[in-house]
Amino acid sequence: MPNVNFRHRDGSIDVVDAPLGSSLMSAAIKHPVDGIIAECGGNAMCATCHVYVDAAFGDRLPPMAEEEDEMLDGTASARTERSRLSCQIVVTEEMAGMTVDVPADQV
Amino acid sequence: MTRAIGAGDDITLTELWADPYPAYAKLRQDEPVAWVPAVNRYLVTKHRDIVALERRPEIFSADETGSLMKRVMGHTMLRKDGPAHDRERTGAEAPMRPRPVRDHWTPLFQKTADDLIDGFAERGEADLFRDFAGPFAALNLAMMLGFDDVAAADLQEWSQALMDGTGNYGDVEAVWRRAEAAGAGVDQAVLRAVERLGAQPRPSLISAMLHAGDPLSVDEIRANVKMFIGGGLNEPRDSLATGLYALLCHPDQAQACIDDPALWRRAFEETIRWVAPIGMYPRQTTQEVELGGTVLPARAKLGIVLASAGRDEDVFDHPDDFDLRRKATHHISFGGGPHYCLGSFAARAEVSQVAWPTLFRRLRNLRLDPDNPVRWGGWVFRGVLNLPVRWDP
Ligand code: HEM
Ligand code: FES
């Protein structure tokens with residue numbers, strides 16, 4: 001199972017065992033990672049599972065669908081180039097060791 | 001075991017309507033999932049239990065038996081589970097995403113606000129619940145639905161009549177008749193909109209449902225539009241008025257928002273945490289299940305008390321205070337899981353990006369009217385019932 005690092009604003013890190021084929025969001029919720037809320041349960045409807053993905057891993061992620069792109073315009077913390085909805089990222093081997101930053105606000 | 005404690009036994013509807021918060025505090029403390037005879041349901045009052053149950057929609061079903069909502073509106077997406085729900089929901093979603101809300105709807109909300117304020121700006125006083133929040137929410141909802149020809153007053157009447165119908169547990173004949181008349185009014189308005197939008201798609205809800213990849217039938221659209229009208233009007237109205245009241249009670253917090261407009265959104269989230277506009281919604285178990293220390297039988301009717309979750313002392317410090325500077329919090333006042341509010345981004349924009357900043361900008365020295373107190377009421381839906389204010393014209 002690949003490990004994904006969820007880095008908090010104070011620098012602390014949750015190392016999450018992310019099962020292959022599950023969403024990054026559900027791995028974070030199971031752990032649980034503070035600050036990943038995922039109110040809509042992974043339906044790309046709430047934007048409360050927002051993360052900033054390490055740029056080095058950007059091209060190993062699934063491409064962004066139009067819904068996700070439109071939803072990211074509603075995040076509580078500012079959207080950047082690295083913004084993704086963790087519920088739309090299906091975990092693969094290539095994500096082992098990836099770091100994602102948890103935003104200050106989700107709501 | 002549950003029945004032996006009976007923390008909910010003494011709760012009355014009158015008390016819930018007047019001020020439900022003391023009763024909820026007691027339930028959270030004594031019996032967080034408690035049978036409450038007055039409402040004929042188990043009330044779920046802890047934040048963590050609500051979050052947990054919304055992650056298991058196959059056990060905590062939205063498709064309640066004997067639902068009065070179904071009787072009044074037909075079977076809407078709000079009372080469906082699984083793929084049947086997802087199909088209708090997907091059809092309606094596109095125009096309510098944050099991007100169209102920002103680029104398409106927000107300028108139109110702004111026009112609604114300015115037109116309404118033009119009508120009373122010179123008066124120096126108003127009841128902003130009646131003169132602004134109600135018509136603002138109604139006019140915006142009419143636009144979002146794709147109704148070009150429905151007056152705000154009709155929409156407000158339909159909304160009230162449909163809501164009263166869904167709460168008509170007393171089986172009052174006049175209430176059914178008024179709800180039926182409202183339903184007939186909606187059916188005709190939907191038919192006119194469908195004829196118009198059939199030829200010419202637009203970024204509205206009815207248009208989206210009609211032109212979806214898997215289009216909704218006219219009957220499905222009618223039922224869902226009734227739900228939108230019954231449920232999409234009160235909440236923006238009530239959060240607008242209730243939050244404005246809180247900001248006027250705490251001028252330092254209002255000033256902080258004026259100085260740093262990014263804070264308006266925080267003020268909105270704090271408002272709906274403090275007083276959840278939808279205080280309670282129903283669910284029903286599909287099997288026996290344990291929740292919050294109580295064993296629920298299959299087909300148990302539950303009331304999910306969002307109003308209580310927002311005041312849960314395990315999650316929020318000094319939960320009864322309105323404080324937009326509280327450290328980042330996680331309210332659940334838009335619900336959770338597949339039925340997570342479809343209008344959440346529209347409501348945020350209407351209230352916190354348009355209504356509040358515009359009112360504070362245009363009505364100089366806006367303040368509460370010291371001679372007319374604000375009244376509160378409700379528990380299924382809750383907010384201030386009036387908002388008398390003055391300003392320097
Ligand atoms: C402050 C404003 C609002 C609040 C607090 C709010 C709250 C909620 C809540 C708690 C639910 C879940 C109910 C349940 O699961 O039984 C919900 C669902 C829904 N809301 Fe809102 N709402 C607001 C504004 C709006 C607006 C403006 C619209 C329409 C444009 C809207 C449309 C809907 C719809 C269609 C659903 C059902 C979604 C589904 O079944 O998938 N809401 N809302
Ligand atoms: S969990 Fe709601 S958008 Fe990802």
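**Chains A and B, and ligand 1**

User: Hey, how many salt bridges are there across the interface of chain A and chain B?
Analyst: The rule finds 5 of them across that interface. Keep in mind that this is a predicted model.

User: How many residues are in contact overall?
Analyst: 21 residues of chain A touch 24 residues of chain B. The area buried between the two chains is about 1800 Å², with 52% of it from carbon and sulfur atoms.

User: Which three residues supply more of chain A's buried area than any other three?
Analyst: A:Glu39, A:Met45 and A:Val107, which supply 36% of what chain A buries against chain B.

User: OK, switching to ligand 1. Which residues come nearest?
Analyst: Of the 26 residues around ligand 1, the nearest are B:His85, B:Arg89, B:Arg283, B:His339 and B:Cys341. The side chain of B:His85 has an N or O atom 2.6 Å from an oxygen atom of the ligand. For B:Arg283, a polar side-chain atom is 2.7 Å from a ligand oxygen.

User: Where does the largest share of the shell come from?
Analyst: From H13(B), with 3 residues.

User: And what's the shell like by class?
Analyst: Around ligand 1 there are 16 nonpolar, 7 polar and 3 charged residues.

Notes:
Residues numbered from 1 in each chain as written. Chains lettered and ligands numbered in written order. Predicted model: local features only at pLDDT ≥ 70, side-chain atom pairs only at ≥ 80, totals over all residues. Heavy atoms only, no water. Contact = heavy atoms within 4.5 Å. Buried area = accessible area lost by both parts, 1.4 Å probe. Salt bridge = Lys/Arg side-chain N within 4 Å of Asp/Glu carboxyl O. Near = heavy atom within 4 Å. Polar contact = N/O pair within 3.5 Å; in protein donor to acceptor, adjacent residues only side chain to side chain. Helix = DSSP H or I, 4+ residues; strand = E, 2+ residues; numbered from the N terminus. Nonpolar A, V, L, I, M, F, W, Y, C, P; charged D, E, K, R; others polar.
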